2 protein chains.
Amino acid sequence: MRLAEPLLRKGVRVYDIAFWKSTKEKPLHRAGREIHYPPVVDLLDPYILLVHQGMVESTFEDDLRERGVVVTRNTAFTNVRYTPEKVRPLTVDCMQDVSQTTKSFGARYVVGTDGAHSKVRKCIPNSTPVGASSDSIWGVLDGVLDTNFPDIWSKVVIHSDKLGSVLMIPRERNLTRLYIEMKPNSDEVNLKERHTQEFVQQRAQDIMQPYRLKWRSVEWFGRYQIGQRVACRFTDPEQRVYIAGDASHTHSPKAAQGMNTSMHDSWNLAWKLNFAVRELAKPVLMDTYEQERKKIAQDLIDFDYEHANAFAEGDSQALADNFAKNVAFISGYGVSYGLNVLNMHSSSWNNRGNLTPGFLLPPAKVTRFIDANPVDIQTDIPALGQFRIYFFANDAIAALPFLDTVSNAHISTASYVGRVTQVANASYTSQPPLAAPHDQFVCPERYTPVSGVFTYALVTAERGTLEIEHLPHILRESTFSIYLDDIPEKDTRGQSCRQKWLDGLAGNEVVVVNVRPDGYVGCLRRFSDGGRESGAEAVEWLDRYYEGFLRDM
Amino acid sequence: MRLAEPLLRKGVRVYDIAFWKSTKEKPLHRAGREIHYPPVVDLLDPYILLVHQGMVESTFEDDLRERGVVVTRNTAFTNVRYTPEKVRPLTVDCMQDVSQTTKSFGARYVVGTDGAHSKVRKCIPNSTPVGASSDSIWGVLDGVLDTNFPDIWSKVVIHSDKLGSVLMIPRERNLTRLYIEMKPNSDEVNLKERHTQEFVQQRAQDIMQPYRLKWRSVEWFGRYQIGQRVACRFTDPEQRVYIAGDASHTHSPKAAQGMNTSMHDSWNLAWKLNFAVRELAKPVLMDTYEQERKKIAQDLIDFDYEHANAFAEGDSQALADNFAKNVAFISGYGVSYGLNVLNMHSSSWNNRGNLTPGFLLPPAKVTRFIDANPVDIQTDIPALGQFRIYFFANDAIAALPFLDTVSNAHISTASYVGRVTQVANASYTSQPPLAAPHDQFVCPERYTPVSGVFTYALVTAERGTLEIEHLPHILRESTFSIYLDDIPEKDTRGQSCRQKWLDGLAGNEVVVVNVRPDGYVGCLRRFSDGGRESGAEAVEWLDRYYEGFLRDM
């Protein structure tokens with residue numbers, strides 16, 4: 001599935017943020033305007049894309065439906081319990097909403113994405129959410145404005161010393177979203193009769209004086225009452241029951257981090273569960289889910305706390321500073337995982353270049369060898385639940401002995417990686433991924449011709465006399481992931497991929513980069529030359545890395 | 001409708017072209033490789049996008065359906081005749097295929113897009129196609145290849161001195177298209193039993209020796225027999241009956257110019273017909289359809305003749321030279337119209353910059369004022385059948401007297417343009433364009449707040465202290481077409497829009513550019529300053545231009 005395109009068509013892109021302010025001394029005025037994602041964050045798409053959450057959900061649901069999976073609604077989870085049955089050790093109890101009929105079924109795994117009051121969470125021992133003692137309260141309003149306020153197509157923060165703050169966000173179909181927080185520690189928080197659409201509209205109008213603010217139509221009004229809390233556990237000790245999204249963490253609705261963070265929870269969990277279901281995962285791999293995503297939930301709340309304070313204080317400079325500090329995090333690009341069994345520094349690595357284990361790949365442009373297409377290398381290989389192993393060499397022909405050594409080891413059972421491939425391929429043969437008709441335009445089979453678990457890729461300086469048939473098996477078969485690093489002028493920063501990612505390669509150096517199925521850098525290592533001995537070192541190093549969390553039998 | 005995105009997802013992009021050759025002296029070898037659209041052509045998307053014609057048709061048909069228009073099939077046109085009835089002067093006779101029932105209905109206009117053997121064409125006096133005396137014959141094959149030929153994901157021309165040529169084109173879903181021409185002036189052309197799939201496959205295999213060439217599957221085989229001819233007339237003397245596409249011109253299926261040229265026929269005709277239907281067009285406007293599109297059909301055949309000769313001779317150098325010469329034409333970017341009532345040189349114009357009447361707008365990047373979005377100015381304003389009037393000024397505030405003068409004239413009936421707007425707005429009010437639900441994401445109403453026939457736009461150097469509320473009416477209401485020319489670094493050639501389009505502006509110069517509804521430059525003129533007197537000159541000049549082909553009552 002390629003998520004972005006249908007949404008891009010229907011979404012609204014926001015590039016800048018305007019700060020407005022009114023104080024006792026000076027009536028409402030524009031205090032500043034900033035670009036939202038300054039070049040310090042290396043983004044290919046340096047904007048916020050605003051789309052109705054329903055569109056995102058439909059995109060996922062349409063894709064599922066085309067693969068034969070239908071989401072069952074009106075069925076409430078009530079309980080999950082372990083039963084002494086081997087294949088499906090869990091029994092899930094549900095209640096059908098309409099008939100209130102109780103229904104039970106067996107399952108191998110359960111993932112609870114059932115929101116802040118998650119019942120699945122309650123089935124996980126010691127998972128109580130902890131965090132803020134009191135809830136904050138927000139009014140949110142979507143409507144078409146009739147206004148002479150000039151900046152409604154930017155993201156706008158408006159602060160009145162006297163009346164509090166409004167956050168305005170442009171939306172699709174001419175809509176504008178307004179957020180308004182009930183003043184903390186005031187009567188407003190307690191007087192529930194004030195938490196109405198009329199109250200929020202009146203408050204916004206008062207803050208935006210002297211600008212005209214009326215509504216041509218109101219599409220939706222909502223009230224959030226939210227505490228910032230993180231569940232103590234995201235999984236049960238048996239690693240069969242998981243929670244994700246609001247079920248595992250809640251926070252205030254600013255900075256568009258709610259749905260995004262929740263999708264990333266699922267994204268992190270999904271590929272690991274796929275390996276678990278195929279019996280390719282060691283328990284330590286499943287441990288990384290809670291480890292990694294709990295950190296992010298905590299990072300998010302820490303950011304939000306600072307952000308909310310700056311926002312409530314109406315200090316546009318503090319808010320701008322807070323943004324600048326956190327802009328990488330807000331963009332998603334700086335959301336990163338700590339070191340663990342997946343994200344490892346290799347002993348010889350000295351942190352040159354812009355690849356860091358636990359971080360995403362920065363954007364880089366290369367030419368795809370087979371069809372001369374300029375592509376975004378960081379996303380060119382479709383995400384099929386597989387790792388990517390990239391080989392970098394200035395001169396691919398000089399590196400042939402290295403590549404040949406790795407290839408021979410990886411297509412035989414002499415290496416751990418080769419054995420994982422053998423087991424995985426058997427699993428993918430007996431239980432292939434669910435296919436959809438539109439897969440034929442992506443041709444997923446191009447990216448796993450050797451192994452269901454690894455896509456092999458090569459990045460080299462130039463075409464020269466190289467033909468794909470010269471390459472050893474693992475790369476010769478990977479015809480759509482051979483790249484020429486020859487279009488630095490198309491990069492966000494004018495750098496070649498080798499320069500940006502690796503601070504360049506000297507002479508015949510070879511660098512091997514392992515990228516996780518979710519696009520995060522796993523580990524990477526520099527080898528002094530393209531010879532067989534270095535290749536043998538690489539084989540051993542790769543075996544050690546993958547042996548850390550994958551099973552070979 | 002935004003055509004490109006769903007097709008981009010499913011299409012194949014071709015960036016380069018490979019030339020292969022075998023002679024008596026040297027077996028099959030790669031004689032060269034070129035990028036398809038070299039930087040000499042200023043393209044935003046410098047590739048060929050290959051998509052199944054059915055997808056293009058569906059995109060159009062889906063859009064029509066969402067606007068309530070259903071294409072009636074299985075109904076064959078038989079005749080059209082004039083009847084003395086005023087509103088619908090044409091009577092169209094049809095035959096329903098299944099039941100062979102005859103059916104007649106009244107119409108105001110008829111457009112025949114009924115192919116090379118067009119029956120509508122036969123109803124247009126003196127329209128006989130003229131051109132080549134004999135037809136050329138082509139075999140075309142779509143299939144999934146099993147081959148070790150290395151370049152099948154490029155466009156490939158393979159020529160064997162002995163056996164002729166094959167043209168290979170990559171397609172979606174792993175398909176490869178093969179074109180093979182029956183050797184002209186040989187037995188092959190006459191021996192119809194040779195025009196089979198097996199013959200084409202065998203010929204391709206023979207030419208591609210020693211490479212393996214087998215078919216995993218064949219999706220389609222077709223045989224084209226085509227003469228290169230152009231109809232003498234594209235419309236009847238009453239300007240009620242038109243032909244477009246293959247009905248008006250036929251040519252060999254190379255260089256992907258068939259469907260493209262036909263769509264451009266319709267594109268050229270559609271907006272003119274819209275004006276005719278609304279009684280806003282003078283007869284001279286309708287004359288431009290045949291004038292403009294007949295030239296293109298002839299240009300295409302001239303190109304094709306040269307191209308086919310170079311191809312048949314297997315001279316890869318000649319073919320490359322022919323491509324280089326015609327690359328702008330093939331890309332569509334260089335397809336241009338001659339001077340006429342729509343495409344005019346203003347007397348003071350000295351051809352500085354890259355805008356030429358009768359040519360498309362070169363790509364340029366600007367920032368949209370209202371929401372800080374970087375946009376492609378040449379396509380940012382949606383095509384709604386309206387002209388675009390762009391004002392360029394380094395300093396918009398200094399140009400306010402000029403802009404104010406034009407605005408006042410254009411919102412009153414003192415100017416011809418203002419009177420056209422008045423009549424047009426009445427027409428669009430009583431007969432609005434057919435709407436589709438997805439229009440709400442485009443918000444067409446943003447672009448015609450002043451006039452159904454003109455979108456006003458402003459391009460200026462920088463934001464400075466400018467607010468949209470400072471601008472005179474026609475621009476103040478055009479909030480989504482005010483642009484800042486401040487991101488030359490995002491341009492294909494690193495130029496600002498003013499630099500690229502106009503060779504820059506000196507001091508307070510103002511340039512006015514009229515762009516036709518189909519995106520071609522109409523006319524443009526440079527004014528010495530932003531004063532009221534220059535503004536009055538502009539009003540008069542604009543009146544003269546639009547009076548040439550639009551009616552004001």
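Predicted model: local features only at pLDDT ≥ 70, side-chain atom pairs only at ≥ 80, totals over all residues.
The relation between the two chains was examined by superposition. Two copies of a chain are related by a rotation about an axis and a shift along it. Here, chain B is superposed on chain A by a rotation of 180 degrees with 0.0 Å of shift along the axis, and the RMSD is 0.0 Å. That is the relation of a two-fold axis.

The contact between the chains draws 24 residues from chain B and 24 residues from chain A. On the side of chain B that touches chain A, helices α1 (4-10) and α12 (439-442) of chain B each supply at least two residues, and the largest share, 3 residues, comes from α1(B). By residue class, this side of chain B divides into 9 nonpolar, 4 polar and 11 charged residues. Of the interface residues of chain B, 100% are also interface residues in chain A, so the copies meet through the same surface.

Within chain B, strand β2 (residues 16-22) and strand β3 (residues 29-35) run antiparallel and are joined by 6 bridges. Among the paired positions, Phe19(B) has Gly32(B) of β3(B) as its bridge partner. The two strands, β2(B) and β3(B), form a hairpin in which 6 residues lie between them.

A helix pair of chain B was also described. Two packed helices are described by the angle between their axes and the distance between the axes. For helix α11 (residues 416-430) of chain B and helix α15 (residues 532-547) of chain B, the axes come within 8 Å and cross at roughly 50 degrees. The contact is made by Tyr416(B), Val417(B) and Val420(B) on the side of α11(B), and by Leu542(B), Asp543(B), Tyr546(B) and Glu547(B) on the side of α15(B). The residues of this contact between α11(B) and α15(B) divide into 5 nonpolar and 2 charged, with no polar residue.

Terms used:
Residues numbered from 1 in each chain as written. Chains lettered and ligands numbered in written order. Axes fitted to C-alpha atoms, helices over the stretch in contact; angles between N-to-C directions. Helix = DSSP H or I, 4+ residues; strand = E, 2+ residues; numbered from the N terminus. Contact = placed C-beta atoms within 7 Å. Nonpolar A, V, L, I, M, F, W, Y, C, P; charged D, E, K, R; others polar. Pairing = 2+ DSSP bridges. Least-squares fit on C-alpha atoms with pLDDT ≥ 70 in both.
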